[in-house]
Each structure stands twice: as structure tokens, then as C-alpha cells.
Amino acid sequence: MAERFDLLIFDWDGTLADSTALITHSIQLAFADLDLPVPTREQASFVIGYGLGEAFAHLAPHAGRVQLDGLVDGYKRHYLARDGEIALFEGVADAVRHYKEAGYALAVATGKSRRGLDRVLEQTGLGRYFDTTRCADECHSKPHPQMIAEITELLGVPASRSVMIGDTTHDLQMAINAGTAALGVSYGAHPKDELASLQPLGLFDSFGELDGWLRNHA
């Protein structure tokens with residue numbers, strides 16, 4: 001059993017799955033399809049972790065409902081065309097299995113849709129290890145604390161014994177808002193200096209580094 005934490009809450013995209021590049025490119029293609037100004041890679045990466053509606057409303061604040069719906073549809077089309085190419089970061093599958101066997105409660109809090117998360121949990125075989133999950137289409141979008149609050153309440157683990165692990169400032173701010181500790185990873189969507197500004201308990205440059213910390217310090 002963990003010495004400090006009983007519950008590990010993971011983000012999915014950019015934290016467990018190497019999907020950042022495909023997400024940002026799919027966002028850019030959706031804008032190009034509608035002849036709208038294409039966001040930069042940095043701009044597209046910033047909204048990873050938001051629900052799709054919030055993400056496109058942020059990137060296209062003056063767009064009407066028809067355009068926003070078109071952006072969401074275009075994104076889904078481009079993303080799903082290559083969804084099967086996405087891999088977990090090296091070591092993730094073994095690590096998640098180890099955490100479960102070590103006695104942690106495990107959860108996912110993600111900007112993915114419920115349908116999208118269920119699909120990848122089945123594809124990767126990791127679904128069996130997570131006690132519960134929360135998605136952006138069933139909760140307020142990050143950094144609102146609802147996902148974490150529902151997870152901790154359902155599993156009966158206090159915030160003080162829980163940690164959120166993610167690759168975006170939205171993940172870390174959500175942890176702050178929910179009163180949990182946070183661990184950041186710099187190999188995903190947001191720059192390391194921006195993650196560091198939110199003062200996570202730890203900040204790691206690879207999943208292997210994160211895994212090593214969890215096995216030795218959590």
C-alpha cells in the first residue's frame with residue numbers, strides 16, 4: 001500500500017498515451033477544412049485537456065455554433081482516422097499493473113469523451129486496472145475540480161491521500177482546485193516552465209522518471 005497516497009489519478013492523452021501530436025494536428029486540419037485561421041502547434045496544444053466544445057470555443061472565440069460544430073466534427077474525423085496509431089508511452093502498461101497490485105486505487109480524469117476513453121481502455125487492455133474514470137462530456141472541463149471530487153468521493157479516498165498526474169497546466173490547476181497533490185510530466189502538451197510555475201510535487205521528463213518516483217516515494 002502507498003505510504004503517502006492511496007489514490008493515483010492519471011490524465012490520459014500526453015500522460016499515459018503518446019497522442020499529443022495527433023491531437024494538435026487534427027485540430028489544425030479541422031480549421032483548415034473550414035478555411036479558418038489555423039492555430040499554431042502551441043495554441044492547439046494549450047487546449048488539450050479541455051472538452052472539445054471548450055477547446056474550439058477557446059481557439060475560435062468569434063465562431064458561431066455552426067462553425068464550432070463543424071470544427072468538432074472535422075477534428076473527430078481526422079483524429080479517428082489515425083486513432084489506431086497511438087501507443088502508450090514505454091513502460092505504462094507494466095507500471096499501471098504494478099500500481100494496482102501494490103494496492104493503489106487508480107482512476108483516470110481526462111478531456112476525452114466517454115466513448116473515446118472507453119475505446120482506448122479496451123484497445124490497450126488497461127480498463128481492468130482503473131477503479132473509476134471521469135471524462136469531459138460528463139463533468140465540467142478541466143481545471144474545474146468536479147472530476148477529482150467525484151472520483152475521491154466515489155472511492156472514499158480523501159483529497160489529502162490522492163494525487164493528480166498530468167501533462168498540462170489544466171491538470172495541475174484542477175488538482176489545486178480540488179485540494180489534491182499534483183505531479184507533472186513535461187513530455188506531453190504543455191511546456192515545462194509553465195508546469196513548474198504551478199509548483200507540482202514533482203515534475204518529470206519521461207514516464208520512466210515518473211514511474212521511478214511513484215515506486216520509491218508515493
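**Salt bridges, pockets and domain contacts**

Lys112 is buried, with a relative accessible area of 8% (buried being under 20%, exposed over 50% and partly exposed in between, for a 1.4 Å probe and protein chains only). The structure is a predicted model, in which local features need pLDDT of at least 70 and side-chain atom pairs count only at pLDDT 80 or more, whereas totals for chains, interfaces and linings use all residues. Residues are numbered from 1 along each chain as its sequence is written, and side-chain values use heavy atoms, with hydrogens and water left out.

Lys112 takes part in a salt bridge with Asp13, in which the closest N and O atoms are 3.4 Å apart (a salt bridge being a side-chain nitrogen of Lys or Arg within 4 Å of a carboxyl oxygen of Asp or Glu). Asp13 belongs to the loop between β1 (7–10) and α1 (20–33), and Lys112 to the loop between β2 (105–110) and α6 (114–124), so the pair ties together parts that are 99 residues apart in sequence. Helices (H or I, at least four residues) and strands (E, at least two) are DSSP runs, numbered from the N terminus. Asp13 also counts as buried, at 8% relative accessibility.

Across the whole structure, the search finds 16 salt bridges. Among them is the bridge between Asp69 and Arg65, whose closest N and O atoms lie 3.4 Å apart. Asp69 and Arg65 are 4 residues apart in helix α4 (residues 65–82) and are therefore separated by about one helical turn. Asp69 is partly exposed, at a relative accessible area of 37%, while Arg65 is exposed, at 57%.

A further salt bridge joins the side chains of Lys192 and Asp205, with an N to O distance of 3.1 Å. Lys192 lies in helix α9 (residues 192–196) and Asp205 in the loop between β6 (202–204) and α10 (207–217), so this pair ties together parts that are 13 residues apart in sequence. Lys192 is partly exposed, with a relative accessible area of 39%; for Asp205, likewise partly exposed, the value is 39%.

The domain assignment divides the chain into domain 1 (7–18 + 88–215) and domain 2 (20–84), the bounds being taken from an automatic or database domain assignment. The C-alpha centres of domain 1 and domain 2 are 23 Å apart. In all, 18 residues of domain 1 are in contact with 13 residues of domain 2 (contact meaning heavy atoms within 4.5 Å).

The largest pocket has a volume of about 590 Å³. Of the 27 residues lining this pocket, those closest to its centre are Leu52, Tyr75, Gly111, Lys112 and Ser113. On a 1 Å grid over the protein atoms alone, a pocket is an open set of points where a 1.4 Å probe fits, with protein on both sides within 12 Å along at least five of seven lines, and lining residues have an atom within 4 Å of a point. Points are joined across faces, edges and corners, and the volume is the space filled by probe spheres set on them.

At least two lining residues of the largest pocket come from each of α1, α3 (52–59), α4 and α6, and α3 gives the most, with 5 residues. The lining comprises 12 nonpolar, 7 polar and 8 charged residues (Ala, Val, Leu, Ile, Met, Phe, Trp, Tyr, Cys and Pro count as nonpolar, Asp, Glu, Lys and Arg as charged, and the others, Gly among them, as polar). Domain 1 and domain 2 each contribute at least three residues to the lining of the largest pocket.

The second largest pocket holds about 170 Å³ of space. Its lining consists of Thr20, Thr24, Arg41, Glu42, Ser45, Phe46, Gly188, Ala189, His190, Pro191 and Glu194. Two or more of the lining residues are given by each of α1 and α2 (41–46), and α2 gives the most, with 4 residues. By class, 3 residues of the lining are nonpolar, 5 polar and 3 charged. Both domain 1 and domain 2 give residues to the lining of the second largest pocket, so this pocket lies between them.

Thr168 is located in the loop between β4 (162–166) and α8 (169–178) and is buried, at a relative accessible area of 1%. Apart from neighbours within four places in sequence, Thr168 is in contact with Ile48, Ala189, His190 and Leu195. Ala189 and His190 also belong to the lining of the second largest pocket.
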